Amino acid sequence: MAFPLPTHLPRKLDVSSQILSKLDSVTVQSLTSSVASSWRCELEESINLAKKRIHDRIHEDLPAFERQLASSRSVQARLRSLSDNIESLNNVLSEPESGLVPTLLESLAAHKTLAQASLDADILHGSLVHLSQCNAQLSSLQAMVDVGDLPAAVDASSALNSLLGSAPGPLNEAAVTVDMKARLRVLSNRVEELLSNASSESLVVSPSQITIHSSVLVPGSTIPLSLSSVLSSLSPSSLTSHLTALRRDLTTHYIEYILEQPTSLTASIANDNHASPFYKLEHFHAPPSTFSPSSRLDNLSVLLDFLKERLFPVLPKTQQEAFPRSLRKPLTSAILARLLVPCLPSSLDALTAFLDLTRKAVDFESKYIVGLLSDGATDKEIKAWVDNVNAHYEKKRRQHILDGARLAILQNTNDRQTFYAHMMSAQGTVVEETSGPIEVADGDTDAWGLEDDQSIATSSSKSAAAEDESGWGFDDDLDEPEPEPIPEPEPSVPSDMDVDPEDAWGWNDDSGSAEEQPEANGSHDSEGEHGENSQSSIDEENAWDDPWGDDPAPASSSSSARPPAAPSIPIHQPKPAAGLQKVSSKAKPHPGENGNGIMANGHSTPTPSSQPPATAPDRHHTKSPSKSQTLIQEPYLVSSLTKTIIRIVEDALHEGKALASSGIFGYSPTSATLPGTLIMQSAGLILDMYRALAPIRSGNGNCMQFSNNCFYLAEEVNRVATYERGVLAVKDKLEECRDGLKLFADSLFQDGIEQVRQTSCDILTSAEGFIDTSNQDRYDDCEAAITRVLREIRSTAHAWKSVLPKSKYYNAAGAIVEGALSRILEDILALPDIPEVESHKLSELCRILGALEGLFVEDTNESSFVVSYVPSWLKFSYLSELLEASMADFTYLFEEGVLVDFEIDELVKLVRALFADTPLRTTTLGKIERGHPAR
């Protein structure tokens with residue numbers, strides 16, 4: 001066939017195709033004879049041309065053509081011969097009567113029939129023989145069951161089951177085989193049931209006794225079966241089930257019961273109705289008076305000896321090691337959980353008897369648990385527990401101590417019972433002129449005098465003696481009930497409990513004060529009782545006027561009459577008021593119109609002349625007076641619960657030291673800690689528990705009170721860690737607790753301040769930035785907001801004054817006043833335009849908070865020290881003046897350098913907001929923008 005041309009190649013049309021195309025395109029009218037004749041001529045010409053090409057192609061290589069022609073003829077001849085031979089062979093093979101294939105197939109069919117008949121006969125013979133064997137075995141099994149020979153019946157049942165399992169294929173589904181299997185199943189179940197009943201009758205474990213029969217008589221049998229043969233004949237699953245129940249009953253009714261109850265055990269031998277011996281182990285309740293922990297181990301020894309002699313030998317070989325080993329874990333756990341742990345004493349006196357018990361428990365483990373039940377295993381859990389018995393004892397004691405501390409914290413967090421403790425504070429006095437700025441002690445280090453090396457000589461009250469007698473002073477061995485009036489100076493800081501609140505400030509109280517009454521009784525908590533009684537009797541108004549009970553200080557202690565040292569805050573030195581009044585009098589005829597000298601509500605303004613130079617140094621001066629530090633004691637209110645906490649901490653430390661020094665626990669290579677360490681570690685855990693539970697229990701209502709509690713605890717912990725001997729193992733933890741309590745006290749202190757500051761800011765938000773105060777309604781709203789802030793700060797200061805020490809009180813009061821003033825300054829200085837009417841209104845509003853200066857006055861004959869604690873006080877005071885000042889006053893104050901608290905951009909904004917755009921204002925702004933004048 002011709003090779004088909006690909007569809008994508010151009011196809012060359014032959015003559016016939018062209019003629020057919022032409023024929024297809026002609027019509028009846030255009031088809032003529034001439035056209036048909038031309039088409040015929042084209043075909044003839046094409047045929048002749050093809051013949052000519054063929055002829056030329058042949059004659060181009062005529063010898064090759066002839067060879068190919070001869071070869072093709074030879075192939076045709078051989079093909080005809082092969083076809084004839086194939087046809088002849090086919091006749092020989094496939095001839096129906098004489099052909100080879102039909103004859104062979106007929107012979108194979110006959111052989112197949114004969115082979116099948118022979119196989120059927122062999123299978124039938126084998127099946128009959130196997131059935132005969134199964135029937136004989138089944139009859140034998142039935143006879144064994146009938147006579148009660150159960151162990152032999154178990155073997156026969158197993159053999160019959162094997163026979164039926166290996167039955168020939170044709171017998172697997174045969175009815176006779178199915179019937180035999182059903183009968184075997186019934187007999188096996190019967191045997192298993194009889195064996196199970198025999199085992200249950202032979203081994204009886206009841207709450208009152210254990211009975212083991214050496215032999216048992218099954219129904220239908222005249223020969224008793226031994227217990228060992230019965231147990232050996234049980235199926236693995238049934239034997240496991242019986243032994244599991246046996247182990248459970250032994251553990252519940254005997255091992256655990258013996259370790260919990262006073263019991264006496266009795267072993268005996270008797271004969272049953274068939275004259276077969278059986279063994280009994282009975283237990284009875286013993287009188288509690290004769291009960292001792294050691295007797296429990298003796299009873300366990302009796303039990304295990306009975307099992308070793310009567311039970312373990314009759315167990316099957318597969319269980320003679322496995323079953324005793326299975327008792328090891330329950331027995332070990334029961335001894336630890338029901339004997340040693342419950343008997344673990346809670347006092348040091350009972351440890352000797354308990355250690356004797358542990359030694360006996362170790363011997364018991366070595367003899368029975370390891371030697372009998374574990375087949376010489378080396379792991380000894382009881383010995384490992386006993387080797388670490390000191391840790392277990394201390395953990396139990398520690399838990400007991402922590403539970404007591406937790407109960408004390410949860411029951412005594414109402415802060416109703418209080419007392420006054422004391423903290424050390426640095427009091428500065430001017431001694432000479434030195435160059436450089438004044439360094440004022442801060443409230444965390446030198447202000448409290450914790451690092452000061454100066455000795456202190458103060459008079460001690462009777463309360464100090466009472467504290468020393470109760471174990472709260474430094475010297476527990478003092479025999480004197482009352483210290484000397486003027487004790488010898490000590491290089492270390494004395495305890496907060498050694499000086500009463502009145503003596504700390506150098507004030508004279510009547511000898512018959514309420515403080516001496518509880519001290520005369522000599523009670524341990526005399527100081528706490530005094531604090532409680534004093535708190536309940538203080539009137540609220542009197543407490544505000546004099547919450548610390550400040551009496552006028554004597555002339556000899558002038559340093560105590562001054563306020564405590566302020567934080568290191570740079571404060572400007574204001575100029576004398578004479579020049580300011582002179583300039584202002586030229587600008588305005590009446591001082592009251594611009595506020596220079598008169599404040600709202602009749603309070604005098606904090607003019608520069610009214611500030612004490614010692615507390616308001618100029619930041620630009622190179623010379624300033626230096627201060628010598630004198631330590632004074634400041635009282636602060638503390639909850640009596642802190643005494644309980646410290647007492648528990650000290651008791652834990654003393655108990656740990658007593659245990660370490662007793663030597664009752666010998667050296668143990670497995671113990672990770674020294675004796676007494678875990679008990680002493682509970683001291684730090686108690687303090688951590690207090691920090692965690694007390695805030696949740698008491699709530700967040702009194703941050704300052706709880707801050708005082710934490711600070712007092714930190715000081716007491718520092719005392720214990722420093723002066724208590726034998727606590728080196730927990731000293732790092734105590735110091736960590738001390739630092740944590742101090743940090744927590746500072747955080748609570750700052751949180752209390754921040755809460756009040758936030759409250760003041762929320763109140764001032766209602767003033768809406770003090771805009772449009774010329775409107776009377778808006779002015780009333782602003783005045784109400786500032787008045788509320790004033791009341792809030794006063795009431796808070798009143799509450800804090802009876803709680804905090806003076807130094808911290810003034811720092812806290814100054815911080816909340818500073819927060820309110822800073823917010824008002826920010827709002828007023830942010831006003832873009834302040835008309836004259838509004839400037840007068842804003843000045844009046846600012847003067848309202850001038851009454852807060854009274855919080856920082858202790859003696860009406862002396863000036864206040866508000867600038868020492870409120871950095872923005874002068875800035876706020878000058879703002880009220882500047883709001884009503886003339887341009888000349890403004891320029892004078894700026895040139896004199898008293899406005900250095902204001903930033904340049906603040907002064908520029910204030911001038912532009914207060915004054916109209918005039919050449920004078922432009923000139924003034926130019927001076928201000930060049931910066932503050934050099935001093």
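## A residue on helix H7

Glu-193 sits in helix H7 (residues 175-202). Helices (H or I, at least four residues) and strands (E, at least two) are DSSP runs, numbered from the N terminus. This is a predicted model: local features need pLDDT of at least 70, side-chain atom pairs count only at pLDDT 80 or more, and totals for chains, interfaces and linings use all residues. Residues are numbered from 1 along each chain as its sequence is written, and side-chain values use heavy atoms, with hydrogens and water left out.

Glu-193 has 43% relative accessibility, so it counts as partly exposed. Buried means under 20% relative accessible area, exposed over 50%, and partly exposed in between (1.4 Å probe, protein chains only). From C-alpha to C-alpha, Glu-193 and Leu-234 are 9.5 Å apart in space and 41 residues apart in sequence.

## The whole chain

The chain has 33 helices and 8 strands. Of its 935 residues, 42% are buried. Take the contacts (heavy atoms within 4.5 Å) with a separation of 6 or more: 78% of them join residues 24 or more positions apart.

## Nonpolar cores

A nonpolar core is a set of buried Ala, Val, Leu, Ile, Met, Phe, Trp, Tyr and Cys residues joined through side-chain atoms within 4.5 Å. The largest has 120 residues. Leu-300, Leu-303, Leu-311, Ile-335 and Leu-340 have the most contacts inside it. Helix H13 (residues 351-373) gives the most to this core, with 10 residues. Another core, of 74 residues, lies apart from it; Leu-821 and Leu-910 are among its members.

Ile-335 touches residues well along the sequence. Leaving aside neighbours within four places, Ile-335 is in contact with Leu-259, Leu-297, Leu-300, Leu-340, Phe-364, Ile-369 and Ile-382.

## Helices H28 and H30

The axes of H28 (residues 806-829) and H30 (residues 873-882) come within 10 Å and cross at roughly 40°. That makes H28 oblique to H30. Angles under 35 degrees count as roughly parallel, over 145 as roughly antiparallel, 65 to 115 as roughly perpendicular and the rest as oblique.

H28 brings Val-817, Leu-821, Ile-824, Leu-825, Ile-828 and Leu-829 to meet Trp-873, Lys-875, Phe-876 and Leu-879 in H30.

## The loop between H26 and H27

Phe-770 lies in the loop between helix H26 (731-765) and helix H27 (776-801). Phe-770 is not a glycine, yet has a positive phi of about 60°. Its relative accessibility is 1%, so Phe-770 counts as buried.

Asp-772 is in the loop between H26 and H27 too. Asp-772 has a positive phi of about 55°, although it is not a glycine. At 38% relative accessibility, Asp-772 counts as partly exposed.

Technical notes:
Axes fitted to C-alpha atoms, helices over the stretch in contact; angles between N-to-C directions.
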